[in-house]
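Trainee: Could you show me how to read the features of a protein model, one at a time? I am new to this one.

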Amino acid sequence: MVFTVTLNPSLDYIMNISNMVCGQVNRSESEHIYPGGKGINVSLVLKTLGVKSVVLGFIAGFTGRQIKAEVGRFGCAEKFIELPDGISRINVKLKSSEETEINGQGPFIDSKSKEKLFSQLGELAEGDILVLAGNAPKSLGMGIYSEIMDSVAEKKVKVVVDASGEQLIKAVEKRPFLVKPNIHELGEIFGVEIRGCGQAAEYAAKLCDMGAENVIVSMDAGGGLIISDGCKCYCKAKEIKAVNTTGAGDSLVAGFIAKYLECQNSEEALRFGVAVGTAAAGCEYLPALEDIICIYGV
């Protein structure tokens, strides 16, 4: 079974405005509301690919209840923990000639609720996949992912981490099965501007040396590469007109997991993951199965 953890989920409120002018009243042409958060995105795409998963995380208030309802509407199983105070965040995305985002902070996560999450994680078993995605709220601290990984270490769970900065570095030390920084996040970790596939591979190998079993680097329209012990593979992305890159990296992770569960081959899983991520970039939201087939083929 695949379990995804989204510690600070959101409602993404997307507004399309043809000519937005700051400081004036602007009227939208259309609006959409979706459940947001990297782990949630992974689960929704896995559902599209026919892979069952369980969504874990924290919700609060009326926005939290709507997140729960939306995830259920997509047909995903969830075991959200409802917090006693606050509201889950709303992220406003204004799409005009340029895209502007205003992301909420999210609720405080108390110690009892944190303990409930660890109790849920205690039910995982050998062979399960645990996806830790997105940056954690301040109330849980930078080391929360490494804490989670310690709690499941004896269960031989395959842990996938999609985070950035210090949270990713701390997680890498716990020897995860897979980490997936994008090329910009990878550069930020090492204080460099990474240019090209060769340099990305060089610094991805450093993450392997630090403890990661596999490292995927997503490179926007440039595709992706995977580095592991004895394996190096680059996959070019199909050229498309990008519509919305939000969720493309999460879709890549979902595609990789789905194909890896099927074939246990990292290179083929990367190729499929890049196709799913590319399909996502060409959609207003997350990709449907027909979008993925169009990119990857039958």
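**Helices, sheet and cores**

Mentor: Helices (H or I, at least four residues) and strands (E, at least two) are DSSP runs, numbered from the N terminus. This is a predicted model, where local features need pLDDT of at least 70 and side-chain atom pairs count only at pLDDT 80 or more, while totals for chains, interfaces and linings use all residues. Residues are numbered from 1 along each chain as its sequence is written, and side-chain values use heavy atoms, leaving out hydrogens and water.

Trainee: At what angle do the axes of helix 9 and helix 10 cross?

Mentor: Two packed helices are described by the angle between their axes and the distance between the axes. Here the axes of helix 9 (residues 266-281) and helix 10 (residues 289-296) cross at roughly 120 degrees and come within 8 Å. Axes are lines fitted to C-alpha atoms, for helices over the stretch in contact, with angles from 0 to 180 degrees between N-to-C directions. Residues of helix 9 including Phe272 and Val276 meet residues of helix 10, among them Ile292 and Tyr296; contact means heavy atoms within 4.5 Å.

Trainee: What is the strand order in the open sheet?

Mentor: Strands of a sheet pair through backbone hydrogen bonds, either parallel or antiparallel. This open sheet has nine strands in the order 5-4-1-8-9-10-11-12-13, with mixed pairing; two strands pair if DSSP finds at least two bridges between them. Strand 5 (77-82) and strand 13 (231-235) are at the edges with a single partner strand each, so one side of each has no neighbour in the sheet. Strand 4 (residues 53-59) pairs with strand 5 in the parallel sense over six bridges, and phenylalanine 58 stands opposite isoleucine 81.

Trainee: Is helix 1 largely enclosed or exposed?

Mentor: Helix 1 (residues 38-48) is largely enclosed by the rest of the structure, because eight of its eleven residues are buried. Buried means under 20% relative accessible area, exposed over 50%, partly exposed in between (1.4 Å probe, protein chains only). Among the buried ones are Ile40, Val42 and Leu44.

Trainee: How many residues does the largest nonpolar core have?

Mentor: The largest nonpolar core has 46 residues; such a core is a set of buried Ala, Val, Leu, Ile, Met, Phe, Trp, Tyr and Cys residues joined through side-chain atoms within 4.5 Å. Helix 7 (residues 196-210) gives the most to this core, with six residues.
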